[in-house]
Amino acid sequence: MSKVLVIGAGGVGSVAVHKMAMNPEIFSHISLASRTKSKCDAIADSVKARTGVDIDTYGLDADDIAATTTLLNSIKPALVVNLALPYQDLNIMEACLAAGVHYMDTANYEPLDVAKFEYHWQWAYQDRFKDAGLTALLGSGFDPGVTSVFTTYLKKHHFDRIDTLDILDCNGGDHGQAFATNFNPEINIREVTAVARHWENGDWVETPPMSVKQSFDFEAVGPKNMYLMYHEEIESLKTHLPEIKRIRFWMTFGDAYITHLNVLQAVGMTRIDPVMYEGREIIPLQFLKAVLPEPASLGPTTKGKTNIGCIATGLGKDGKEKTLYIYNICDHEDAYAETGNQAVSYTTGVPAMIGAAMLVTGKWSGAGVWNMEQFDPDPFMDMLNAHGLPWQVKELDGPLGF
């Protein structure tokens, strides 16, 4: 059993600490910290009511390395689970090094002033974590995270070689709002409006944001339009599984979402550079975040399902070319009933708990900085089935026809 400190009190943090509290044989003591302590307290009250487990709460500015280090030295956790904003990743990694604590997150670092999320900033910490004898696990959410584990599971058990990989993320839920994002609006919109990139034949191929659209019929959801986007697991998968010739990431969006987003872009509300307003600088996207519905508030009204998975084509272990589709379906209402959060938070928070469990139980270990696909997928996959995110594999006639 181990102590953990979770930093971040949004929907993902809420799911993660609820699920940790449901596994006291793994997590002996849970602490939760956030800039807004009242959010931590509300989550702690829910955890207590649902599980009977007490968790400690703290107010913390995770950008303050010294303050985070002081808190770590006080609590002495075995692991920090960083579920805060990706801008804060490097500062929290610095605090972990200073305090001698293992580190884990769900999303890679990106600078505050440019929408460019890449792993090189965190991979640069390899030697420092290795020399300190500490583990840093990057990207233990669903995508990135589960999608990477799905890929290595297919490679381990079904393929001698994977040639093409398509990652498909479908949220078929309806929250009843005219426009809202299902996770942090600032991060979501920065991601969606970034230049699309996919990996093909040893190089990056760039296309304008949201310019490549295809339709796919998702089980339990139905036909949905999905758009080619850049996502960070492409970078790590092409690095650690260099055999894969093409890796693409697709995410579904409804027509109303696209219409609202186009208008917001046209009037400058998605800008991340400062503008002057009544004598002070504001960031338009941060102001937009403040007026949009809080993602954690969408749980009571969201209905429908998510369907997220990977389609891999390559040489099977039977010596024949094959295409396999591995995926999870998650119900928004079931997720809310269990943890008080909708399925988008659930599908990230549960893998965060499982990644933490892998580290504190020693099933995954090693000094240095690691991505999910570098570890044995089997124990992680077993926990997905046992803790609310069951997966299935089916054979397709062939790869996507586009």
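Is methionine 210 buried or exposed? At 17% relative accessibility, methionine 210 counts as buried, because the cut-off for buried is under 20% relative accessible area, with exposed over 50% and partly exposed in between (1.4 Å probe, protein chains only).

## About the model

This is a predicted model, in which local features need pLDDT of at least 70 and side-chain atom pairs count only at pLDDT 80 or more, while totals for chains, interfaces and linings use all residues. Residues are numbered from 1 along each chain as its sequence is written, and side-chain values use heavy atoms, with hydrogens and water left out.

## Two domains

Let us start with the overall layout. The chain is divided into domain 1 (2-137) and domain 2 (146-342 + 391-396), with bounds that come from an automatic or database domain assignment. Taken over C-alpha atoms, the centres of domain 1 and domain 2 are separated by 24 Å. Across the boundary, 24 residues of domain 1 are in contact (heavy atoms within 4.5 Å) with 23 residues of domain 2.

## The cores

The largest nonpolar core holds 83 residues, and Met20, Phe27, Phe150, Phe253, Trp364, Phe380 and Leu384 touch the most other members. A nonpolar core here is a set of buried Ala, Val, Leu, Ile, Met, Phe, Trp, Tyr and Cys residues joined through side-chain atoms within 4.5 Å. Helix α13 (residues 343-360) gives the largest share of this core, eleven residues. Helices (H or I, at least four residues) and strands (E, at least two) are DSSP runs, numbered from the N terminus. Both domain 1 and domain 2 give residues to this core, so it lies between them.

Not counting residues up to four places away in sequence, leucine 384 touches Val146, Phe150, Ile354, Leu389, Pro390 and Trp391.

Helix α1 (residues 11-21) is mostly covered, with eleven of its eleven residues buried. Among them are Gly11, Ser14, His18, Lys19 and Met20. The buried residues of α1 pack against β1 (2-7), β2 (27-34), α2 (37-51), β4 (79-82), α12 and α13.

Helix α14 (residues 378-386) has Pro379, Phe380, Met381, Met383 and Leu384 buried. Their cover includes α7 (146-157), β16 (321-331), α13 and β18 (391-396). After α14 comes glycine 388, with a positive phi near 110 degrees.

## How α12 meets α13

Helix α12 (residues 332-339) packs with α13 at an angle of about 65 degrees, and their axes are 8 Å apart. The axes are lines fitted to C-alpha atoms, for helices over the stretch in contact, and angles run from 0 to 180 degrees between N-to-C directions. The crossing of α12 past α13 is left-handed, meaning that the near helix is turned anticlockwise from the far one by less than a right angle.

On the α12 side, His332, Ala335, Glu338 and Thr339 make the contact, and on the α13 side Ala343, Val344 and Tyr346. These residues divide into four nonpolar, two polar and one charged. In this grouping, Ala, Val, Leu, Ile, Met, Phe, Trp, Tyr, Cys and Pro count as nonpolar, Asp, Glu, Lys and Arg as charged, and the others, Gly among them, as polar.

## Loops and backbone details

Aspartate 143 and proline 144 are joined by a cis peptide bond, with omega about 10 degrees; proline 144 lies in the loop between β6 (135-138) and α7.

Methionine 210 lies in the loop between β9 (203-207) and β10 (213-218), and its phi is near 60 degrees, a positive value in a residue other than glycine. Valine 212 also has its place in the loop between β9 and β10, and is partly exposed, with a relative accessible area of 23%. Valine 212 touches Thr207, Met226, Tyr227, Leu228 and Trp250, not counting residues up to four places away in sequence. In the loop between β10 and β11 (222-229) lies alanine 220, whose phi is positive, near 70 degrees.

## An exposed helix residue

Valine 291 lies in helix α11 (residues 284-291). At 53% relative accessibility, valine 291 counts as exposed. Its C-alpha atom and that of glutamate 373, 82 residues apart along the chain, are separated by 38 Å.
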